[in-house]
Amino acid sequence: MNIWCQVLSSVGKRVNQQSFDTWFRPIVFNGCDDQALRVTVPTEYFKRWLLENYADLLQQAVLEANHSPLRLTVAVAQPPLSLIHISE
């Protein structure tokens, strides 16, 4: 089981199903190295809300999964080009 699956399993035991589905299922795991675990979220608002409300929980779950601290790096997904409006 990769580290992100372990993190999600730990988080899933600590939040209700609706919160898990809303705030954790949309997160995309981008990888992990010795220093950081990298994820992407859908929007800047999502990132702010997630970190304001669940940063401690996520850090604890990462620590449990990795057995040592890792920096959590959260990026915001870029919108598909088809959704970008360019005005002349």
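A search of the whole structure turns up 0 disulfides. Keep in mind as you read that this is a predicted model. As a reminder, a disulfide is a covalent bond between the sulfur atoms of two cysteines. Cysteine 5 is partly exposed, with a relative accessible area of 38%. Cysteine 32 is also partly exposed, at 30%.

Cysteine 32 is a handy place to start looking around. This residue belongs to strand E1, which covers residues 28-32. Setting aside neighbours within four places in sequence, cysteine 32 is in contact with Ile3, Leu37, Arg38 and Leu70. Cysteine 32 and arginine 71 are 39 residues apart in sequence, and their C-alpha atoms are 9.7 Å apart in space.

## The overall layout

Let's step back to the chain as a whole. The chain holds 3 helices and 3 strands. Read from the N terminus, these elements follow the order α-α-β-β-α-β. Of the 88 residues in the chain, 32% are buried. The accessible surface of the chain is about 5900 Å², and carbon and sulfur atoms account for 53% of that area.

## A hairpin of two strands

Back to the strand that holds cysteine 32. E1 pairs with strand E2 (residues 36-41) in the antiparallel sense, over 4 bridges. The two strands E1 and E2 form a hairpin, with 3 residues between them. Within this pairing, cysteine 32 stands opposite leucine 37 in E2.

Leucine 37 has contacts in several parts of the sequence. Apart from neighbours within four places, leucine 37 is in contact with Ile3, Trp4, Val7, Phe29, Gly31, Cys32, Val62, Leu70, Arg71, Leu72 and Thr73.

In soluble globular proteins, nonpolar side chains tend to be buried together. Here the largest nonpolar core has 23 residues, and the members that touch the most others are Val7, Val11, Phe24, Ile27, Leu37, Leu50 and Leu58. Helix H1 (3-12), H2, E2, H3 and E3 are the elements that give two or more residues to this core. Which element supplies the largest share of the core? That is H3, with 8 residues.

## Aromatic rings

The model has 6 aromatic pairs. One of them joins phenylalanine 20 and phenylalanine 24: the ring centres are 6.0 Å apart and the planes meet at 25°, so this pair is stacked. Both phenylalanine 20 and phenylalanine 24 are buried. Another stacked pair is made by tryptophan 23 and tryptophan 49, with 4.1 Å from centre to centre and 10° between the planes. This tryptophan pair links distant parts of the chain, as tryptophan 23 is in helix H2 (residues 17-23) and tryptophan 49 is in helix H3 (residues 44-66), 26 residues apart.

Are the two tryptophans buried or exposed? Tryptophan 23 has a relative accessible area of 13%, so this residue is buried. Tryptophan 49, at 25%, counts as partly exposed. Taken together, ring pairs link Phe20, Trp23, Phe24, Phe46, Trp49 and Tyr54 into a cluster.

Not counting residues up to four places away in sequence, serine 19 touches Phe24 and Tyr54.

## A loop residue with positive phi

One last stop is histidine 67, in the loop between H3 and strand E3 (71-76). Most residues other than glycine have a negative phi, and most peptide bonds are trans. Histidine 67, however, has a positive phi, near 65°. Histidine 67 is exposed, with a relative accessible area of 71%.

Terms used
Residues are numbered from 1 along each chain as its sequence is written. This is a predicted model: local features need pLDDT of at least 70, side-chain atom pairs count only at pLDDT 80 or more; totals for chains, interfaces and linings use all residues. Side-chain values use heavy atoms; hydrogens and water are left out. Rings of Phe, Tyr and Trp (its six-membered ring) pair if their centres lie within 6.5 Å; planes under 30 degrees apart count as stacked, over 60 as edge-to-face and the rest as tilted. Buried means under 20% relative accessible area, exposed over 50%, partly exposed in between (1.4 Å probe, protein chains only). A disulfide is a pair of cysteine sulfur atoms within 2.5 Å. Contact means heavy atoms within 4.5 Å. Accessible areas come from the Shrake-Rupley method with a 1.4 Å probe; for residues, only the protein chains shown count as cover. Two strands pair if DSSP finds at least two bridges between them. A nonpolar core is a set of buried Ala, Val, Leu, Ile, Met, Phe, Trp, Tyr and Cys residues joined through side-chain atoms within 4.5 Å.
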